[in-house]
Amino acid sequence: GGQEMVIHRTAVPAPSAACHLKVGPKKEVAECKEKFASSVDPTVSQAFMLDRVFNPEGKSLPPMRGFKYSSWSPLGCDANGRCLLAALTMDNRLTIHANLNRLQWVQLVDLTEIYGERLYEASYKLSKADAPRGELGDFSEFQRRHSMQTPVRMEWSGICTTQQVKHNNECRDVGSVLLAVLFENGNIAVWQFQLPFLGKESITSCNTIESGINSPSVLSWWEYEHNNRKMSGLIVGSAFGPVKILPVNLKAVKGYFTLRQPVVLWQEMDQLPVHSIKCIPLYHPYQKCSCSLVVAARGAYVFWCLLLISKAGLNVHNSHVTGLHSLPIVSMTADKQNGTVYTCSSDGKVRQLIPIFTDVALKFEHQLIKLSEVFGSVRTHGIAVSPCGAYLAVITTEGMTNGLHPVNKNYQVQFVTLKTFEEAAAQLLESSVQNLFRQVDLTDLVRWKILKDKHIPQFLQEALDKKIESCGSTYFWRFKLFLLRILYQSMQKAPSEVMWRPSHEDAKVLISDSPGMGSAEDDQEEGTSKQASKQSLGDAGKGMDVDDTADDSLPQSSDIGGREPMEEKLLEIQAHIEAVEMHLTREHMKRVLGEVYLHTWITENTSIPTRGVCDFLMSDDGYDDRTARVLIGHILKKMNKQTFPEHCSLCKEILPFTDRKQAVCSNGHIWLRCFLTYQSCQSLVYRRCLLHDSIARHPTPEDPEWIKRLLQGPCTFCDSPVF
């Protein structure tokens, strides 16, 4: 219920064991290392001893434990429909992690180990036609084998669709994602993963591309859509200055195209290292076509390149933006919604660059954001913008005070809002994404405003009602439910103490040891009521169904006259919440019944309580939906008077469908209902929505594909994934 951002901090632990790249048989590698370390040639022995790639343990040197780079996949890549995390450790181990159990990270695969095995089997040649190289005992060969599998950067592509041929020669579309890994020698390994990514078995292929760039420093995907045709490539930057796009050829990817040959965006070897590259898809208002803006941080400058496809071919316009920073740019991020670019240098200055199109190309307007005005004197180490551009996250340490550097460095992640409440609300109303979970940074700004003012602004209410009347999309109903729940939360009495702070008081008190404390029953009642009110506030803060917690969470006030209007207001809001939840439930029930009708040719027990759902929809006389009535009529005709009721697994009694949330048999056994299929969850384990709105059952092997597809859906109330 607080106005602060709700942040769940999790950690991916760095592996305790050092990573040794596979360059040959273990015994031979050990002998070679001993030989190089004791070599009389100082160019060999010193180069070997000081290189931490060859010596990850370091012996007397500090251990290389920690991470040097990470990259988020697009949404929808793991088993829960969320992001995967590719992490590169200091000792060059590349792993992929997934957040499977909400706040717990699991390592799914070690790509460094798999790639090393592939190279070992191929005798460290990229193709069979390559001439055989020297022996491992040759120091240059030893270095080559390490540099061809030492990752520098890795980046994810967007999700693409591939076709998979089944045993009966039927083709089905399967989602896949690519991970490009840039190595020290300039090679790029492109891994293709089938979605959802589960581990080693989900790896479809791995192809290696030779970029021809010396001392590569950074990598980014170039993705461009032209006339509904998706083009893709890889942008590679060098520590010496050049930037170029490489074609990536893929087989069996629907609607995918690439370049015929590499395109050089900047060829000068001007010794300005490329630090970061971002690719932003935009629409050119003068050329009336989509275009691609590539920006790269080079020293203290921003290099930009505008690419657009016309009848003449690929047009390339490039230039540099100067005068931004007096120190080199340490971090760069981009808001892909509107093309705004943010850069920062270590002196605490952030620049906002807004692209403005001209007849031919574009120009940038830039303004300075002084973090010292917000946080005081700070040094900045990195920035990132949230997915919809609502927040800017900044990593800072203390700056100089009275001309002196601080003795200790305390790293902090600070958040700066980039949008006003009105801008966030307008963006949510006009969103093409239509998913609250994917726009959680915007909804957080709206949440803060309502909690602060304790009312929903009139303009937002009117605009939302117009949207609901004009199109009736369930997205706007979910947005309305979100606003009502936050309003309900803002009306509640604030907890008297911090929710997360553990209570050190002993709950059990012996009455004989404490005379004059009142009766045990009074004491117990008071403790129970306190605990219940805390629990209800905590659950409401997590976004639980309000009708479960409404009675416990009403504000308790000694002033009866002041309490009644507040109670009436809360009851009114609660009635609105229940009405919106019922509308969303009915809409999802129609969808489930539609799936049942489409996938059953004859009278069939689908394990979904079809008759119960039909009766529940028709039970309310005030609900008059012609679509639902026609659909129910067709289904009941197909069912031919058969009911296929659910049975309690404990006593075999019939489970009637009287409530969308739970099923109760005649013997009083209570089972929670799955909100995705409305089946009763008669097992000890089930899944829960991220905001604890609803519960869902796990798919079983005997479930048909269409039921498994229903069970993959997000929460019908808040769009959150289900764990």
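I began at the hairpin that E16 and E17 form with two residues between them, where Gly299 in the turn has a positive phi of about 65°; helices (H or I, at least four residues) and strands (E, at least two) are DSSP runs numbered from the N terminus.

I noted that this is a predicted model, in which local features need pLDDT of at least 70 and side-chain atom pairs count only at pLDDT 80 or more, while totals for chains, interfaces and linings use all residues. Residues are numbered from 1 along each chain as its sequence is written, and side-chain values use heavy atoms, with hydrogens and water left out.

I then looked up the pairing, for which DSSP must find at least two bridges between two strands. Strand E16 (residues 289–298) runs antiparallel to E17 over seven bridges, and Val294 has Cys305 in E17 as its bridge partner. On E17 and strand E18 (residues 313–321) I found nine antiparallel bridges, with Ile309 opposite Leu314 in E18, and these two strands also form a hairpin with two residues between them. Of the 10 residues in E17 (residues 301–310), eight are buried, where buried means under 20% relative accessible area, exposed over 50% and partly exposed in between (1.4 Å probe, protein chains only).

Next I turned to backbone angles, since most residues other than glycine have a negative phi, and most peptide bonds are trans. Asn92, in the loop between strand E2 (84–89) and strand E3 (94–98), has a positive phi near 75° and is buried at 4% relative accessibility. Tyr124, in the loop between helix H3 (111–121) and helix H4 (139–147), has a positive phi near 60° and is buried at 3%.

Last, I recorded the cis peptide bond from Leu195 to Pro196, with omega near -5°.
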